[in-house]
Amino acid sequence: MHAKQLSRIAVQALIVLAVAGLLALLATTTASHLAQRGIRSGFDFLLEPAGFTLGESAIPLDAGDSTLLAFAAGLANTLRLALPGAALALGLGVLVGFGRLAEHPLVRGLARAFVNAFRNIPLLLQLLAWYFILTDLLPASDAALRLAPGVFLSKSGLALPWWGEAGFEIPEPAGFGIDGGARLTPEYLAMLIGLVIYTAAYIAEILRAAVEALPPGQRLAALAMGMTPRQTFRLVLLPQAWRAALPPVTSQLLNLFKNASLAVAIGYPDLVSVAGTSLNQTGRAIECLSIVIAVYLLLSLAGAAVSHRLERHVLRGGVA
Amino acid sequence: MFRIRTLAAATAALLATFVTPAHAGKTLDAIKAKGQLACGVSTGVIGFSAADSQGQWRGLDVDVCRALAAAVLGDPNKVRWVPLNSQQRFTAIQSGEVDILSRNTTWSLTRDAGLGLHFTAVTYYDGQGFLVAKKSKVTSAKQLKNAEICVQSGTTTERNLADWFRAQGIKVKPVVFEKFEPSIKAFFSGRCQAYTTDASALAFIRTKEAPNPDDYLVLPEIISKEPLGPAVRRGDDEWFAVVKWVVQALVEAEELGITQAKVDALKASPDPAIQRFLGVGEDLGKSLGLDREWAARAVKAGGNYGELFERNVGAGSPLKLPRGLNAQWNKGGLMYGLPLR
C-alpha cells in the first residue's frame, strides 16, 4: 500500500515535471525565434505610457499612465460589470426558477417563455440587440430625460448623483450632455442587462431541475403536515434543492464573468478591449493574450475555490 | 469571434516559430515554386481591400498585390487573399502566413523597428479626421470638449485621438468598438458626438453609410500622419527589394505616361527611360531576380499608380477622394517614383 502510494506520487511528479519542461521549452524557443526575426518581445511595455484612454473607467486613467494601469483599469471595468451582474443574475434566476414551479399556469408559462427565449439565442446577438435598442430608443444627450432631480437618462447613459472630483455632485445638463455625478453608459447597461438575463435563464432551469429531482414524498409530507405551498417550498424543498443546485449555479456565475469578455463588441472597455488596443499599439500579441488568459484563469480558479468551500459548508448541513 | 481567431493566429505563430527555422532570402523562390503570392488584406475596407458581390477582391491595396503577382509570376490572378483583422495582421506577416501585408497599415517607427517587418513604400498618404452631425453646430475639432467619440479599435486611431486632445488640453471620451459596423451604427444613432478614423474612410462613411450625407460634416482638422503601405517580413532583403521596386515602378509609370492601355504600344517608344522601364533596352529585372518585362507586366495588370488611384478611391470610385497628397510630386503631391535605371 505504502509503495503503491509512493509510486503514484512519483508518476504524478514526473508528469508535472514533463509538462513544466515542455512549457519552458516552448517559452524559450518562442523567445529566441522572436529575437531572431527582429520582433521585440517581453513585458517591459507594461511600464511604458499606455498612450490611450478609456471612455469610462472605475480607476481614473490618463494617456500618460502606464500600460499596466490601463490593464488594471480594464480589469476593474470587467469586475464592475461581472460582480453586480452575478448578484442580479442570481436574484433574477431564483425568481424565474420559482415561476417555473408555480401553480399558476400564466406565471409558469411566462417563466418558461423567458427561459426558452433567452437561453436559445446566442449571447452576442442579445448584447448587440440590447445595445442598439438602448441607443436607438433613448433621447439624444442634449435632450435628456429627467427621471428625478439629478437623474437623467439619454443616449450617453444614466446619470446619477454621486461623489466626483468636486465632492458630492448632482448631474446637470451641460455642453454635449450631462455633467457631474456618476454615469452608467449604454454600453455598461446593455452588457449588464444582457448578461443578467442570459445567465438568469440558465440558473432558473438549474433550480427547477434541482427541486423537481427531490423525492415527491418530501412535498407531499410537508403539505400533509399542514404547511402552505409557500412554506413547503421555502422551508422544505429549497434548502434541499440548493445542495444539488449550488455547483452548476456557481459555474453559471463563472460563465457570466467569462462572457463579460464579449464587451468589446458593443464598446464597453473591459480587460479584453484594453488588451486588444495594447496589442495593436505594441505588437506584443503573445504577451497581451497571455495576460488576459492568466487573469481569467486565476479569477475563475479563485471563484471555483470559493464555491467549493461554500459547497462543503452546505453539505455539512448549513444553508447557503 | 476575434478572440478565438486572434488566439488561433497567435498559437499558429507560436507553433510556426517553434517548428520552422527563420527564412532568409527564400521568399521569392518559395513564391515562384508555389506559383502563388499570399497577400494579407483587410476584412473589408472599401477602396483599399474589400471583396465585391462576386467575391472578387478590389481596392488599391489589392491591386498592389496583383501588380506584384504579375511582375513575379507573370499572372495578376495568382494571388491567395488572406483577410486579416487588425489584431491578426502583424502575427500573420511575422509567421510567414502571408508574403506581403497590403492592408492599409500605417508606417510608424515602432512598427517598422519592433515588429519584425519592413515597410516597403507608401501607397497612400492618409490622416485622421472627424465626422460630426451638422445639427451639433460643431465646426472644429477643438469644440469637442467632453464629447464622446466613437472609434473602431485596433488601429493607430485611438492613440492619435488621445495624443491630439491631450496636446489641446481637451478631455474627450472614446467609445471603442471591435468591429466597424457597430461603431458607425452607434455614431449614426446619436450615441457619440463625433466619429474618428482616417480621412479616406470618413469620406466613404459619410457618402455611403449616413442616412442622409448632407446632415454630416467632415471637420477640417487632420490630426495625424498616416502613411499607408505594404510591409514584408524582416530578414529577406531580396524580397523586400522586389516589393519596394514594384511599387516604385507603378508610381514611375504614371510619371512616364505608361498606362495599362498603352504599355504594349509604348515598347516602340524612342524614349530611353520608357525603353528601360519596359525592358526593351537594359535588363533591370536581373538584379531583382526577375525577368526583363517585370515592370511592364506590373503596369499591364491594373494600370499605373494614377489609374489604380482613380479606379479604387478617386473619381472613378464611390469614395471620390481628391488626389491631394497622393498626386505626383510635379503636381503638388508626395508621390515621387524613384528612378528605374
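Modeller: In this model, 44 residues of chain B are in contact with 43 residues of chain A, where contact requires C-beta atoms, placed from the backbone, to lie within 7 Å. The model is predicted: local features need pLDDT of at least 70, side-chain atom pairs count only at pLDDT 80 or more, and totals for chains, interfaces and linings use all residues. Residues are numbered from 1 along each chain as its sequence is written, with chains lettered from A and ligands numbered from 1 in the order in which they are written.

Colleague: How do you know where the domains of chain B lie?

Modeller: The bounds come from an automatic or database domain assignment, which gives domain 1 (2-125 + 228-331) and domain 2 (128-224) of chain B. Their C-alpha centres lie 30 Å apart. The contact between them takes 13 residues from domain 1 of chain B and 10 residues from domain 2 of chain B.

Colleague: What makes β1 and β8 of chain A stand at the edges of their sheet?

Modeller: The open sheet has 4 strands in the order β1-β2-β3-β8 (chain A), with antiparallel pairing; a pair needs at least two DSSP bridges. β1 (145-148) and β8 (182-184) of chain A each have a single partner strand, so one side of each lacks a neighbour in the sheet. The pairing of β1(A) with β2 (residues 151-154) of chain A meets the criterion, with 3 bridges. Within it, A:Leu145 stands opposite A:Leu153 in β2(A).

Colleague: Why is chain A called more spread out than a compact globule?

Modeller: The globule rule is 2.2 Å times the number of residues to the power 0.38, and the radius of gyration is taken over C-alpha atoms. For 320 residues the rule gives 20 Å, whereas the radius of gyration of chain A is 25 Å, well over that value, so chain A is more spread out than a compact globule. Its C-alpha trace spans about 75 × 75 × 35 Å along the principal axes.

Colleague: What percentage of chain A counts as buried?

Modeller: Of its 320 residues, 38% count as buried, that is, with 20 or more other C-beta atoms, placed from the backbone, within 10 Å of their own.

Notes: Contact = placed C-beta atoms within 7 Å. Helix = DSSP H or I, 4+ residues; strand = E, 2+ residues; numbered from the N terminus. Buried ≥ 20, exposed ≤ 12 C-beta atoms within 10 Å, placed from the backbone.
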